[in-house]
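Here's a quick briefing to read with the model open next to you.

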Amino acid sequence: MWKRIEYMEWQTLLPQIGFALFAIAFVIIIWRTLKIKKQDLDKASRMPLDND
Amino acid sequence: MSENKLTIEYNDRIVRMFMMASIIWGFVGMLVGVLIASQLNYKFLNFNMEWLTFGRLRPLHTNAVIFAFVGNMMFAGVYHSTQRLVKARLASDFLSNLHFWGWQLIIVSAAITLPLGFTRGKEYAELIWPINIGVALMWVVFAINFFWTLGIRREKSLYVAIWFYIATIVTVTMLYVVNHLSLPTSLTHSYPIFGGVQDALVQWWYGHNAVAFFLTTPILGIMYYYVPKAAGRPVYSYRLSIVHFWSLVFIYIWAGPHHLLYTALPGWLQSLGMIFSLMLWAPSWGGMLNGLLTLRGAWHKLRTDPVLKFFAAGVTFYGMATFEGPLLSIKSVNALAHYTDWIIGHVHSGTLGWNGFMAAGMFYFLAPKLWKTKLYSVALANMHFWLGLVGILLYVAAMWVSGITQGLMLNSVDANGVLAYSNFLETVQSIKLPMLFRVFGGGLYLIGFAIMIYNLWKTIKSGTPTNGTFEVDANEPKEETMGLIGAIASPSFLYSAAIIAFPCVWLFADGIVGHLGGLLSIATCVAAVLHFKKSSASFEDWHEKFLKSSMPFTALVLVAAAIGGIVQIVPLVTIDRENVAEDRIQKVYTPLELAGRDIYISEGCYNCHSQMIRPFVAEVKRYGDYSRLGDSIYDHPYQWGSRRAGPDLARVGIKYGDEWHYTHMMNTGALSPGSTMPNYPWLAKKETNIAALPGKISALRTLGVPFTEKSDEEVIAEANAQAQRIVQNLKDKQIEVTKDKQIVALIAYLQQLGLTDNHQPDEVTAAAQ
C-alpha cells in the first residue's frame, strides 16, 4: 500500500491513548457488571413489566 | 383515588401523534424509494423533469425514511416507554408539542428543498443550513423534555432502555453539529468548513454513526422495553444488556472509516475503522441473542401474535445486518463490494428488516392500547408480515447478485492487465434483472406497509384515544442522587481517573515523565486498595448511585462516544494539509468551474458517480491514475461518493470534448446506449448565478482555499471569458448555446476534474535545496 501521509509527532499518540482509555474503562465496566447483585438485576429486568 | 395515592395521567397524545406521523411519512419515503429504484430500470420515469431525477429524489428518500419514518417512530417509542419506565408524565406538554410540530415542519421543508436542488451535497446531511439549525433546535427541545422528565421521575433506577435513549440524544447532538458546521453564502447555500479528506472522514464519522445512534441505539432501547413487554417475561440477561450497551457506545464511534477503505484516507485510519468494525460483531450479536432469548418459553406465541412475529424477525435482521456490516469492512471483501449494490442491499436489510419490522411490531402493540380497542385484523397483520418478509428477502438477494456481479465485472482484468469489461455500461446491462427484482421486492414491502396503514386505521376508528394512568404514593420519600459535581468529587471517580491517566503517561511519555507516570500508577493503585479496604462499600455505593444519576451518567456516555471521534478527527484536521499531500495537489477552481461544481452538487451527481479511484489495476486502467489525498484537498464538500451506478469521474477532465458532454447531458442515450442516467435538458435553459461567485470565492478563501485575490468585477469577467471559450468550442461543433447557461459552467467543471499541479511537500523541497 502506498504511504499516503507523513506521521506527525503527537498525533500518532492519540489513537494509542484513546485505545488504552477505551480498554481500561471497558474492563472496569465489565467488572462492575459482573459484580451487580442478583436482586438488583432481577428488579431492573422486570421494570418494563411493572406497569400497564 | 385513595388518601395517600396520586393518579397521574401519561401524555400519550404526543405518542399517538408521532406514531401517525411516522406511518404517513414512512409510506411517502418508501414510495419514493420504489420510484427511484424503478428509475434505475426505466429512465423515462425521471420524466425529463428536474425535480424528479434520481439525483434529487434519492436524498429525499434517504432523509424521509431516516429522519421522518424512523425519527417519528423513535420519538413515539421513547416518549411512551420513558414515561412508564420512570413513572412520570412527560415534563412539558408545550415542549412535546413544539417538538412534534417543529419536526414535521423540518420534514416538509426537506421535502420541498431537496427536489428543488438545494443541498449540501453530503449523504444523509443534505439539508441546507437553515433547516440544519431547525433540526438542532428541535433536538435540543427533545433533549430538554427528556432530561427534565428524568429529573422529575419517581423510579430512580434507570432501566437499560433509558441508557440507550441517553446515548442517542448526546451522540446524535455531537455528530450532527460537527458534520453540519458550514459557512453560508446565501439563505439556501453554504460550504462545509471541512474539505477533502477531512470532510470525508467527518462525513463518515457522522454517516456511520447516524446508523449507529439514530437507527440502532434508540431501536435497541425500544427492543429492550417492548420485547419483554410483548412476551410477558423479563429480558433474558440484564447483565448482557449492560455489556451490550457499553460495548456499542465505546466501539461503534470508531468504525466510520470503513466507508473509506482503499481511498486516499490515511492507512492507519482505515485499519482502525476495519478493526473496530470487526469488534462490533460481539456486542451486536450479544444484543441480538439477548433479544431473541427473551422469547424463551414464548416461542409458541409467535404463531398467533403478530407483534412478537415482527419483533422476532426484526431482531433477527439486526443480527444479520450486523454480521454483514463487519464482513463488508474487511478490506479484501470491501475491495469487491464497495461502490456496488451490495452495500445498498446491506443498508436495506438493516432499515427494512430491523427498523421497519421493529416499527411495525411497536405500532401493532401500541395502537390497541393507545386507542383502547382490539387490533382490527390479525390476519391482515400476518399478511403484512409475510409480504414484508418476502419483499426484504427478494430485495436483499437481488442486491447481492447485482453487487457481486458489478464488483466482479468492474474489477476483472486478464493476465496482461487488460480490462475484461471495458465499457461500464456492460455492467449496467448485466444487472437489469436483479434491478427488476429489487423493485418487485421493495414493492411487496410497500404493499405490506399499506395493508398495515389500513389495519391500523380501522383499529383506530373502532376505539377512543386513551391516555395511560398510574398511581403513586403521594408520600413516597425522595431518593438521593449525586449530581454531576458529586459524581466527580468522589474518591471512586478520582481514583478511577488517576488509574487511567497515570498508566497512559507511563506508557506513552519518555524519560523522567514516563518514570514518574509509572511511580504514580503504582502509588495510586496501592492508595485505592488501602482506601477501599478501610471503607469497603464506598466504591459500590458510588457506582449504585451513579447508575441512578442521569446527568453524570450522560456525561460519561458523551466521553465514551467522543473518544473515538477525537482520536480520528483531531489528528487529521490539525495536520498541515498541503505539506502531507503526495506528489500532486489540486488546481484551485476558476470561478466558472466553481459555479459548475455547485450545479454538479445541486443535481446530486454524487449519488451515482464517485470521484475516488482506488489503487487497483482495474480501476487505474478504467478511470486513470489512482486518487491522491491532494487531488481533492480544496473540495468543500468532498465528492468521493459511495456508490457507482455510473463510472467514476475523478479523472474525466479533458477525456472528452465539450460537445460530447453537451450532447451527453441533453440525451444520455445518444452517446451511451442503455444508460440509465437521466437527461438534463433544463441545464441548457437555466442560467448560472454568476453574480454569486465573488461571495462564494470569498467564503472558500476564508476556509483556506488559496484563491487569488481579485475584485468582484474581475471574478465575473474571468467566468464570462471562460464561458465564452466553451461556447465557441460548442459553436465550432454546430451546437448553439449562450454563455450564461448552466450547462456551460458544468462543462467547465467536468473538464477540469483530475487536473492537478505537481507538488513537493516543503520538507522534500528543502532537502532538495
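By class, how many nonpolar, polar and charged residues does the lining of the largest pocket have? The lining has 22 nonpolar, 11 polar and 4 charged residues, where Ala, Val, Leu, Ile, Met, Phe, Trp, Tyr, Cys and Pro count as nonpolar, Asp, Glu, Lys and Arg as charged, and the others, Gly among them, as polar.

Keep in mind that this is a predicted model, with local features needing pLDDT of at least 70, side-chain atom pairs counting only at pLDDT 80 or more, and totals for chains, interfaces and linings using all residues. Residues are numbered from 1 along each chain as its sequence is written, chains are lettered from A and ligands numbered from 1 in the order written, and side-chain values use heavy atoms, leaving out hydrogens and water.

**Largest pocket**
- Its volume is about 810 Å³ (a pocket is an open set of points on a 1 Å grid over the protein atoms alone, with protein on both sides within 12 Å along at least five of seven lines; a cavity is a set where a 1.4 Å probe fits but cannot get out; lining residues have an atom within 4 Å of a point).
- Volume here is the space filled by probe spheres set on the points, with grid points joined across faces, edges and corners.
- Of the 37 lining residues, His609(B), Gly646(B), Pro647(B), Leu649(B) and His664(B) sit nearest the centre.
- H25(B) gives the largest share of the lining, 4 residues (helices are DSSP runs of H or I, at least four residues, numbered from the N terminus).
- Domain 1 (334–476) and domain 3 (584–768) of chain B each contribute at least three residues to this lining.

**Cavities**
- The count is 8 cavities of 30 Å³ or more.
- The second largest cavity has a volume of about 160 Å³, and among its 16 lining residues Gln611(B), Asp631(B), Ser632(B), Ala650(B) and Gly754(B) are closest to its centre.
- Its lining splits into 6 nonpolar, 7 polar and 3 charged residues.

**Domains**
- Chain B is divided into domain 1 (334–476), domain 2 (483–579) and domain 3 (584–768), with bounds from an automatic or database domain assignment.
- The C-alpha centres of domain 1 and domain 3 of chain B are 36 Å apart, and their contact (heavy atoms within 4.5 Å) takes 23 residues from each.

**A residue in H2**
- Asn72(B) lies in helix H2 (residues 54–86) of chain B.
- Asn72(B) counts as buried because its relative accessibility is 0% (buried means under 20% relative accessible area, exposed over 50%, partly exposed in between, with a 1.4 Å probe and protein chains only).
- Leaving out residues up to four places away in sequence, Asn72(B) touches residues including Phe18(B), Trp25(B), Phe67(B) and Trp103(B).

Note on methods:
Helices (H or I, at least four residues) and strands (E, at least two) are DSSP runs, numbered from the N terminus.
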